[in-house]
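Student: Can you take me through a few spots in this model? Start wherever you like.

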Amino acid sequence: MARLRVLLPLPLAGAYDYRVPQGMPVPPVGSFVAVPLGNRGSIGVVWDGEADPGLPERKLKDIEGVFEVPPMTESLRRFVEWVAAYTLSPPGAVLRMAMSAPAALEPPAAKAGWRLSAAGQRARRGEGARLTESRRRVLDVMEPGEVYAPAALAAEAGVSPGVVRGMADAGLLESALLPPGERFPVPDLQRPGPELGPEQAEAAAALREAAAVRHFGVTLLTGVTGSGKTEVYLEAVAECLRQGRQALVLLPEIALSTQWLERFERRFGVPPALWHSELGSRRRRDTWRAVAEDKVPVLVGARSALFLPFPDLGLIVVDEEHETAFKQEEGVVYNARDMAVVRARLAGASCVLVSATPSLETLTNAETGRYAALHLPVRHGGAALPEVAIIDQRRTPPERGRFLSPPLVQAVRDTLAEGQQAMLFLNRRGYAPLTLCRACGHRMRCPNCTAWLVEHRVQRRLQCHHCGHAEPIPETCPECGAEASLTPLGPGVERVQDEAADLFPEARMLVMASDTIPGPAAAAEAARAIAAREVDLIIGTQIVAKGWHFPHLTLVGVVDADLGLAGGDLRAAERTVQLLHQVAGRAGRAEAPGRVLLQSWNPEHPVMQALVSDDLEGFMAAEAEQRRPGHWPPFGRLAALIVSAEDEREADRAARDLGLAAPQGEGMEVLGPAPAPLALLRGRHRRRLLLKTRRDVAVQPILREWLGRVAVPASVKVQVDVDPVGFL
């Protein structure tokens, strides 16, 4: 009997051998199969390679069944192997990300819907009794013979579900089974796109050509905020669809992409398919299967969408490619931006990286010719870039107990008086980042992490933003017992909101933070309220920094522009200039010119000067020259080992043993072991070691040999992070 290798979606070293029972056709490589595993069943994928002929027959178990779903493509199987090898992860752990909706392997059950009855078809032609306006709208959207889901039909016609039920009771509609699975509308490629300016048209032509040649290539698309980058790369999406291939657009925070989806629908007449953590299990199941069956032309998703089973992927767009949200820090640690380039290469697809503030790694690849580069130098429609100025808080500090300086307060007042909208930006959630006892100096900290508890005054709780621990604000100090002695230190957006309510009592305010905008529905409502001018003053964290278009917003005030520059993070300055540049780009999108005011205690810092002079290119060049001599990325390679254990002594011992066994050689250096900045996280003590090498040194073989020399106890976890973007 035939033998096959089956890779299971488990953190195992490799594929297992199974036997094909007599009478069962040998399933092709890539097939999804049901197999026994110990005392339970599992689902796996028939993997490449020959089974071990020396394995005794009695040790083999039979494949139990084959799922009727398209096999996993060769390009996706190679991608799973590549990611596993690059990140030093078990292939099965990566496969699990590609099998994220196992229910999709079963054929979808048929569901009941409505279609036009004979009476309904006559009424649609205008024969018979008069119809109400609501019923007429329902008939207008229905085609004879088509079956419609009840809720979707009511939504498309803009009526209540009761109208649809009433039409069924009246005999205008009859029950019928819907086609199995979710139906994804096909974009209208004949629909004219927006009128593009000369630079936009030239960039769009280059991206269309790259998508049409059906070969791998990477293009970096840059441009000032508001220059129309989205409209330009949507032309590449259109060309990809004309070629009969699928397109994938990755966004860093899919829950906040409401306005992006509206742009897509204006361009193509229909919404794209979605893939993100907010989707329900049924929608995930239907979407996964539809992607595999080539029924999804365009999908927009978060980083995990990269592992969906596209049979013919022709284009991958990574929007806001510099965003650290593309880095997955748990489980298989990978950067979706970099893996998107690999997936495109294996699929023979075009890849477009998009950003107004590209990462230094991507800029270097463009400068050395590895990536093509396109740039949009001006805002679309002639809108002017905002004027950026610094408020030196050493000269004009805020009043005692406040955080908004007099010049910023006056600027907000003037803006609101002119009937325009203003934004106050502070990248810090909650009311205050630290709560301190005035009597004994005790600081409220998380019991599970090396982090202060953040006060959330509205909810009357202290919360850790790393592990989620929360507790009520105590009436007395837990250390000395003093009553009413706990006081908040420093500002969060809630505290800025309180201050703004005192200073601008007539202003209608909206706080935009991950606490207050938890998902797509809340994001859509916030965008609607701001566009409808139901909001005068927006107070936000980093979620307001990208992708939003607020035409009446003319002033952005950054409450603490220095936040993020402290500490020893390699990329602190780069991230800060990117974030503040993106925030500044929210101002002055339409006819009214915009202003950006940065409150800073260090106005001479290169980040502040780059923002004022609008010289992002010069700043990144200087940043590159600082990193080059020490072989820091992108001119060298980094890989981190994060050692963690519940017992601090065990973590120290394992980290010490790894340090003693550290590799040595030309072009490499090991830093550590040392306590991580978050030395305690979720109850585990953490130590870090950092391998630094020249750019031409492959770190994976070095890491494998290093880890193979040390026996790490089962109670200790060693996480490998190749190309780390954060150092907490």
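Tutor: Ser117 is in the loop between strand E6 (112-116) and helix H3 (118-124); helices (H or I, at least four residues) and strands (E, at least two) are DSSP runs numbered from the N terminus. This is a predicted model, where local features need pLDDT of at least 70 and side-chain atom pairs count only at pLDDT 80 or more, while totals for chains, interfaces and linings use all residues. Residues are numbered from 1 along each chain as its sequence is written, and side-chain values use heavy atoms, with hydrogens and water left out.

Student: Is Ser117 buried or exposed?

Tutor: Ser117 counts as buried, at 6% relative accessibility. Buried means under 20% relative accessible area, exposed over 50%, partly exposed in between (1.4 Å probe, protein chains only).

Student: What does the side chain of Ser117 reach?

Tutor: The backbone oxygen of Gly171, at 2.5 Å. Not counting residues up to four places away in sequence, Ser117 touches Gly171, Leu172, Leu173 and Glu174 (contact means heavy atoms within 4.5 Å).

Student: New topic. At what angle do H7 and H8 pack?

Tutor: About 30 degrees, with the axes of H7 (residues 198-212) and H8 (residues 229-242) 8 Å apart. Axes are lines fitted to C-alpha atoms, for helices over the stretch in contact, and angles run from 0 to 180 degrees between N-to-C directions.

Student: And where is Leu37?

Tutor: Leu37 lies in strand E3 (residues 32-37) and counts as buried at 16% relative accessibility. Leaving aside neighbours within four places in sequence, Leu37 is in contact with Leu8, Leu10, Tyr16, Tyr18 and Ser42.

Terms used: A polar contact is a pair of N or O atoms within 3.5 Å; within protein, one must be able to donate a hydrogen and the other to accept it, and residues adjacent in sequence count only if both atoms are side-chain atoms.
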